[in-house]
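Thanks, everyone. Let me put the model up, and then we'll go through some packing.

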Amino acid sequence: MKAAVFIEPGKVEIKEVPKPQIDGDNQAIIRIVRASVCGSDLWWYRGISERQTDTFIGHEAIGVVEETSADVDNIQVGDFVVVPFTHGCGHCVACLNRKSGDNGGYQAEYMKYEPANSGLVKIPGKPEDYTDAQLASFQTLSDVMATGYHAAQNAEVEPGSTAAVIGDGAVGLCGVIGAKLLGASKIILLSHHEDCAELGKAFGATDIVDTRGDEAIQDVLKLTKENAGADAILECVGATSAIEQAGQIARPGAVIGRVGVPQSEPKSNQLFWKNVGLRGGIASVIKPDKEVLLQAVLDGEINPGQVFTKSFDLDHIEDAYEAMSNRQAIKALLVISDK
């Protein structure tokens, strides 16, 4: 089978590798229908973080269950599923509190997933029952839509609140959707790219701030009650400067929901003096997908698949990464197989 492999910074390629096999309990073999490139993949693609050569890549997919281990009873062969980038047993303290582990190697024709019983999220019907646009939205449920929603939850977005979103990539844009789902009446998106700003407004952003530095901070404050700052801040970048900016636009007592993979931790103590909370991390995809997000996509309430502005087949995986790295695409979709 074909699988995408990391070679060195700036280089990924497709290799022929053995198809994965069931070799333990609670496992499933998935035929991948759609996969995608994530902004966090660019860290090692650009050489910012280290990655071992000749390793399988990708962590977002939807597909069809082709085989399961004998002990799997919650998922059946033929089921159409979201394959989350995180996983868990579904009932321990960590899972119940939205903490999970992760899998990898999703940019391939087939993959092995575990734990199959609790990790996979069933989509009604078959891939052929849905349009390409709906499949794209399902694909976001494997990571970015759940991650954006996770940021909104951690920021304690409430009905009628003012939320500010730092980061206008796919996760930040999905954070706008998440804030709207949780009832924010004002959603301020900090965006420096016209295409992202337009999509952000379509997703529910009420205000766009396109300035930078101190000017951006002042522009956000002007949009809040008594210029005090936002009630909830969704940090979807990961840079230390983004956390510091979040603290400057937060009202006293606000909460910052962080989901951007951090480069380093902020050294400023400004959060302490304003009683601002900072929490977040890796999203537990399974819980929000099952409780809220899948049904919202099925009902047409949200259409997060619009973050995919370019699509590629698996043989053009390098083009997909280059499009993301060079900002020619907000997010790159990989069409792995026909419906």
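Which residues in H5 meet which residues in H6? Before I answer, a caveat: this is a predicted model.

Now the contact. From H5 come Val144, Met145, Thr147, Gly148, Tyr149 and Ala152. From H6 come Ala170, Val171, Cys174, Gly175, Ile177, Gly178, Ala179 and Leu181. By class, this contact has 10 nonpolar residues, four polar ones and no charged ones.

Next, the geometry. Two packed helices are described by the angle between their axes and the distance between the axes. H5 covers residues 144-154, and H6 covers residues 170-181. They pack at an angle of about 55°, and their axes are 7 Å apart. Because of that angle, H5 is oblique to H6. The crossing of H5 past H6 is right-handed.

On to the sheet. In what order do the three strands come? The order is S2-S1-S4, in an open sheet with antiparallel pairing. Strands of a sheet pair through backbone hydrogen bonds, either parallel or antiparallel. The edges here are S2, residues 11-16, and S4, residues 55-56. Each edge strand pairs on one side only.

Take S1 and S2 in detail. S1 spans residues 2-8, and six bridges join S1 to S2. These two strands run antiparallel. Opposite Phe6 you find Val12 in S2.

One last element. Which strands does helix H12 lie across? H12, residues 317-325, lies across S1 and S2. Relative to S2, H12 runs at about 155°.

That's my part. Over to you for discussion.

Key:
Residues numbered from 1 in each chain as written. Predicted model: local features only at pLDDT ≥ 70, side-chain atom pairs only at ≥ 80, totals over all residues. Heavy atoms only, no water. Pairing = 2+ DSSP bridges. Helix = DSSP H or I, 4+ residues; strand = E, 2+ residues; numbered from the N terminus. Contact = heavy atoms within 4.5 Å. Axes fitted to C-alpha atoms, helices over the stretch in contact; angles between N-to-C directions. Parallel < 35°, antiparallel > 145°, perpendicular 65-115°, else oblique. Left-handed = near helix turned anticlockwise from the far one by under 90°. Nonpolar A, V, L, I, M, F, W, Y, C, P; charged D, E, K, R; others polar.
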